[in-house]
Amino acid sequence: ANIANTIHEAAHMLAFNSGIQVRNRMYPLWFSEGLATCFETFTPAAPFGPSEPNPLRQPTLKKLFRGKKHIRIDELITMTQPPEDKDQRSAAYAQSWGLFHYLFNTQRKALIHYTQTLATLPPGRRSTDQLHHEFTAAFGDPAQVERAVISYHAKRK
């Protein structure tokens with residue numbers, strides 16, 4: 001667990017120090033934590049990263065989708081802080097990984113454009129309407145994205 005946590009936090013640091021994320025900008029939780037959770041691993045010698053499944057988050061994600069207990073995407077894409085409730089926080093992190101992993105592997109150009117757009121926005125907080133609009137402008141109808149994410153992960157081992 002220490003290895004996975006350390007790599008997760010290092011991914012946050014590298015995202016900001018490499019310019020993937022820009023300081024003083026508000027990023028939705030799914031983006032910041034989705035990116036960092038893509039790098040969680042217990043075995044750093046094995047392949048890991050956004051193109052690989054995350055064995056720490058994938059079981060939770062599949063369970064949430066199967067039980068229809070996931071956070072609706074309209075809420076997830078506008079969330080900026082982790083939920084207080086432990087189960088909801090676990091769901092938010094698993095779904096953030098699932099969404100980022102899906103977008104990286106299926107809509108990479110749109111993800112890059114979204115990342116660049118967020119970096120050019122003025123510093124400070126944005127409303128949930130703005131966060132929703134930015135997501136929709138980049139990836140299309142959130143409900144369609146949600147269905148695609150669920151289908152994508154249902155097919156993965």
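Reply: In this predicted model, the largest pocket is lined by Ile-20, Leu-35, Phe-39, Pro-50, Phe-100, Phe-104, Arg-108, Leu-111, Ile-112, Thr-115 and Gln-116. Two elements, α5 and α6 (108-120), each give two or more residues to this lining, and the largest share, five residues, comes from α6. The space in the largest pocket is about 200 Å³.

Me: What makes a residue such as Arg-108 count as a lining residue of the largest pocket?

Reply: A lining residue has an atom within 4 Å of a point of the pocket. Arg-108 is listed in the lining, so an atom of Arg-108 meets that limit.

Me: How are the residues of this lining divided by class?

Reply: The lining of the largest pocket has eight nonpolar, two polar and one charged residues. Arg counts as charged, so Arg-108 belongs to the charged class.

Me: What makes the position of Arg-108 one "over the ring" of Phe-104?

Reply: The distance must be within 6 Å of the ring centre, and the charge must also lie within 35 degrees of the ring normal. The charged end of Arg-108 is 3.8 Å from the centre of the Phe-104 ring, and it is listed as sitting over that ring. Arg-156 likewise lies over the face of Tyr-152, at 3.8 Å from the ring centre.

Me: Why are Phe-16 and Tyr-27 called an edge-to-face aromatic pair?

Reply: Ring centres must lie within 6.5 Å, and planes over 60 degrees apart count as edge-to-face. Phe-16 is in helix α1 (residues 2-17), while Tyr-27 is in the loop between α1 and α2 (29-37). Ring pairs also link these two residues into a cluster with Trp-30, Phe-31, Phe-100, Tyr-114, Phe-135 and Phe-139.

Me: Why is Tyr-27 called buried?

Reply: Buried means under 20% relative accessible area. Tyr-27 has 6% relative accessibility, so it counts as buried.

Me: What makes the largest cavity a cavity, and not a pocket?

Reply: In a cavity a 1.4 Å probe fits but cannot get out, whereas a pocket is open. The largest cavity holds about 70 Å³ of space, and its lining includes Phe-65, Leu-99 and Val-149.

Key
Residues numbered from 1 in each chain as written. Predicted model: local features only at pLDDT ≥ 70, side-chain atom pairs only at ≥ 80, totals over all residues. Heavy atoms only, no water. 1 Å grid on protein atoms, 1.4 Å probe; cavity = no way out; pocket = protein on both sides within 12 Å on 5 of 7 lines; lining within 4 Å. Points joined across faces, edges and corners; volume = space filled by probe spheres on them. Helix = DSSP H or I, 4+ residues; strand = E, 2+ residues; numbered from the N terminus. Buried < 20%, exposed > 50% of the residue type's maximum accessible area, 1.4 Å probe, protein only. Phe/Tyr/Trp six-rings, centres within 6.5 Å; stacked < 30°, edge-to-face > 60°.
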